[in-house]
Each structure stands twice: as structure tokens, then as C-alpha cells.
Amino acid sequence: MRVLILSFEYLPVKVGGLAEAVTSIAEGLVELGNEVIVFTPDHGRSLGEPFLTFRLSFEGRTVEVTARKREQNGVTVYTLSGDLLDTDVYPDWETLLRKAVLFGKASAGLLNHLIETFKPDVLHAHDWHTVFALGLLKKYFSPKTVFTVHRLNKARIPAGYFHEANLGELAPYPEIDPEHTACYIADAVTTVSKSYLLEEWDFFRSFDGKVTHVFNGIDCSFWSEELLENADRPREERRRLILGRFGLSDGRAFMFIGRFDRAQKGVDTLLRAIEILSGDPSFREMRFIIVGKGDPGLEAWAKAVENRFPENVRVITDVLPRETVRELYGSVDFVVIPSYFEPFGLVQLEAMCLGAIPIASAVGGLKDTIIDLNADPENATGILVPPRDAFALARAMVSAKELDEGTLTRLRENAKRRARRDFTWEKACRRYLLVYTGAVDKAMPFLL
Ligand code: NHF
């Protein structure tokens, strides 16, 4: 099949999990014998060789757009540059909306040039920023269209943006939800886990009949124990060494890695849980490595917790190289993922690949990828706790600390097996191909 992918992020340009996911999907589809091209904004990176320059009208001005082209692991990637397409990936809200419109028009101009040599069978758009591109390419070239929600944004934008994009017919009201519009015009809608789809059924129910899930995958070739610095040493020794590197003595090691935000990742729940735990006798043997940055208030809170408990807590606000993160996963005992919601989540699978046991909120993709120790002790791959509940998380961490070696080994082995076998990108891509051809099961509200 000929697949055209639209996305605001594509590796090496990465802000969140979107880049990793879309790039893996594109490359996975190529491996399965499909022809894949990608349109993405250049974001001022000048990636690839200039391929085509053309002019278009935007906000009453003439804008010159250059499409650059490169081959990356079998995928042909076109990056669109010029004017707002060269801003930061996600600039301020208003600029981002205008950039999304310009990306739409530029994508239409580029496909107009390519169409005689590359007529896509499927147009696969990712997240709401691509709504104008999706609308315009569908309007002018009518391929089959698929829209994937990686994370609902739930915004409303003035209809004027659709008019500027020459898509006034899609904006009958003064305020429009762009991801709703993208789902409305797409032939099929997917999101990245079954639980997220059901949790957000209030939104997805409007597309009942054409909506389903496709799980993301994980590339365990990078997240592999064999690549660790001290791969040949026992795990406890690696833990002792890495804790020492961060100035901590040995103990049961819990790690958090993620954005410090107030809307999703739940670092506040963890900080609260640590404060609660500080009164417990087992706290003395617990170590916490907290990696991330973001909201200044949360950073200050994390630093305050570190200052209060310097023997137990280390906060790292530098961006760590992936290799260092791999060392951490391969050495700590547990990775804590206290998200309020998580469409899929990658951290739990990265951790599982390296034998770190996830303790995670029972939401979205976390719930679908982690088999809970209390629910199924034999096959368990981690521990699930209710979201936003610092007491439950604190209790789970204390009982995790008490687990015997046999149980820990079983959890680690189960987790590695599950990550490697059940959540591959190849599986994800095979399912996308079924979505493309309509031969896929759908979410049905009456099926329990
Ligand atoms: O893994 C890629 C990512 C997900 O849970 C993640 C999220 C955004 O929030 O699909 O998209």
C-alpha cells in the first residue's frame, strides 16, 4: 500500500511520545512491504535536501514554502519550511493554530506536485495539529483517511482558522473542536489503547462505528539489558553502583521519569506519597530517584522533598541521555508511573524491557500493558494503583519493598517477556493495515 503520514513530530524532532510512535509506525509499515511518505513541518531544522519551492496565499500574504526531502530508514520524509513552519515545534497557542493552517496548505501544495507519481491509498493523520492538512488532502485528493488520537487535547478554536484553510464547510459553528472535526472527516478513527478509548468514550462515542484502538509498541532493541554498562554484574550490584553515582547509599530503589506537570503525569501524587512514607519505619530503606522538569511549583516541591530527605531522595532536573536512562531502568527495582491518565505510555514498557517493575496508575495504556500482581500473581508484570491517591501509592510502595526475591524475579521475567512479545511495533503496524482496509474489529458500547 501507499501510505501518506501526517504528523507534527517525526524523529529526530521529538517533544513527547508522538515522535517515537509515528516514526516507529512509518518504519514498521515499510518493513511490512508498504511504501510510506511523511509530511511534517521542518520547525527550523533544515533537515534533508531542498526538493521543491512554491508559493501560496496565507492570511492575505504570499508565503514561500520549501519542501525538503530525505530518506530515513526506508521512509521518504518531506519537511515543509518557510514562514511559521520554522518556529519551535509547539509555539504559543495562537501561533500554533496559524502554523497548523499553514502546514495544511503547504501539504496540499506538496501533494499537488507529487500526486502523479505518488497517489496515496491511505492518508494517516496523527493528532489534531494535522486537521487542516487532513481536511485539505481529503477534499482535493479523496484518499481513504485514518485519524489517530495519541492524546486528546479538548480545545476549541475559532471557526476563522478553518475559513483561512479554505475549509469553511467544516466549520458550521463559531467555535470548533479540531480533533472532533478530524475524527468526523476521517473514514476510521483510532487511539493508542483500548482503556483510553473507553475512558474517553464521551468523546469517541460520536464516532461509534468507525472507532477502534491500536496499541503502540516498544523497540526493545535499544531498551536491552545486554547493552548496559555492567550487563554481566548482578542487578543488586548495578543498583548499588548507580545509587552511589547519585550520592545515595544502597536501598530499594524507586524511580520516576517524566514531565512535571499538573495535568497528566502525577509527580505531585508521588511527592505526597513520599511525604506520607517518611513517617513509616520502612522509609529508611527506600531510595527515590526523580527525573524530570517542568512546572516551577512542582520542581520547587520536589527540591524541598529532596532537601528534607537527602538520604532517600534525589531529584534530577537535567535532561539525561537515553543511555543513562537505560542504565537507571536496568538498575532500579521499581519505576513509579502515577499518571492521572495515560493514552498509552512508553515509560512502563521501557522499564519492563529492562526488568524494572512498574508501579502505575490503573488507567489507559498502563492498565492494558501491566498485569497487576494482586489480580493475577502468576502472570503479573507490575502493580496497579488507583490514580490521584497518594495513600494507595504509598501503601503499594511499602508492600513492593517487602516482596521476596522469588516474586521480584518472576515479575521481572514476566514483564520482559510481555514487553518483547505482546507489544511490538510489527503487531501495531499489522493492525493499522487492517484499519486501512476496514478489516478490523471496532469498539462496540454494548459488548462487555
Ligand atoms: O504513548 C504516543 C504517546 C503515548 O501515552 C502517550 C501520550 C501521547 O500521552 O502515542 O502519545
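Two strands pair if DSSP finds at least two bridges between them. Keep that rule handy for these exercises, and remember that the model is predicted.

**Exercise 1. In which sense do β4 and β5 pair, and over how many bridges?**

Step 1: Check the rule, which asks for at least two bridges. β4 and strand β5 (residues 75-81) have seven bridges, and the pairing is antiparallel.

Step 2: Pick out a partner. Find A67, then look across to β5, where its bridge partner is L80.

Step 3: Look at the connection. β4 and β5 make a hairpin with two residues between them, and N73 in the turn has a positive phi of about 50 degrees.

**Exercise 2. What is the strand order in the open sheet of six strands, and which strands are at the edges?**

Step 1: Read across the sheet. The order is β14-β13-β12-β15-β16-β17, and the pairing is parallel.

Step 2: Look for strands that pair on one side only. Those are the edge strands, β14 (313-316) and β17 (383-385).

Step 3: Follow the twist, which averages 20 degrees from one strand to the next.

Step 4: Strand β16 (residues 357-361) pairs with β17 in the parallel sense over three bridges. A360 has L384 in β17 as its bridge partner.

**Exercise 3. Which residues surround the ligand, and how much of its area does the protein bury?**

Step 1: List the shell: G17, A21, H150, V192, N216, Q264, E342, P343, F344, G345 and L346.

Step 2: Sort those residues. You get five nonpolar, five polar and one charged.

Step 3: Ask where the shell comes from. Domain 1 (2-217 + 425-437) and domain 2 (225-422) each supply at least three residues.

Step 4: Look for polar contacts, with a cut-off of 3.5 Å between N or O atoms. A ligand oxygen is 3.4 Å from an N or O atom in the side chain of Q264. For F344, a polar backbone atom is 3.0 Å from a ligand oxygen. With G345, the distance from a ligand oxygen to a polar backbone atom is 2.7 Å.

Step 5: Finish with the area. Taken alone, the ligand exposes 290 Å², and the protein buries 92% of that.

Notes
Residues are numbered from 1 along each chain as its sequence is written. This is a predicted model: local features need pLDDT of at least 70, side-chain atom pairs count only at pLDDT 80 or more; totals for chains, interfaces and linings use all residues. Side-chain values use heavy atoms; hydrogens and water are left out. A residue is near a molecule or strand if one of its heavy atoms lies within 4 Å of it. A polar contact is a pair of N or O atoms within 3.5 Å; within protein, one must be able to donate a hydrogen and the other to accept it, and residues adjacent in sequence count only if both atoms are side-chain atoms. Accessible areas come from the Shrake-Rupley method with a 1.4 Å probe; for residues, only the protein chains shown count as cover. Ala, Val, Leu, Ile, Met, Phe, Trp, Tyr, Cys and Pro count as nonpolar, Asp, Glu, Lys and Arg as charged, and the others, Gly among them, as polar. Domain bounds come from an automatic or database domain assignment. Helices (H or I, at least four residues) and strands (E, at least two) are DSSP runs, numbered from the N terminus. Axes are lines fitted to C-alpha atoms, for helices over the stretch in contact, and angles run from 0 to 180 degrees between N-to-C directions.
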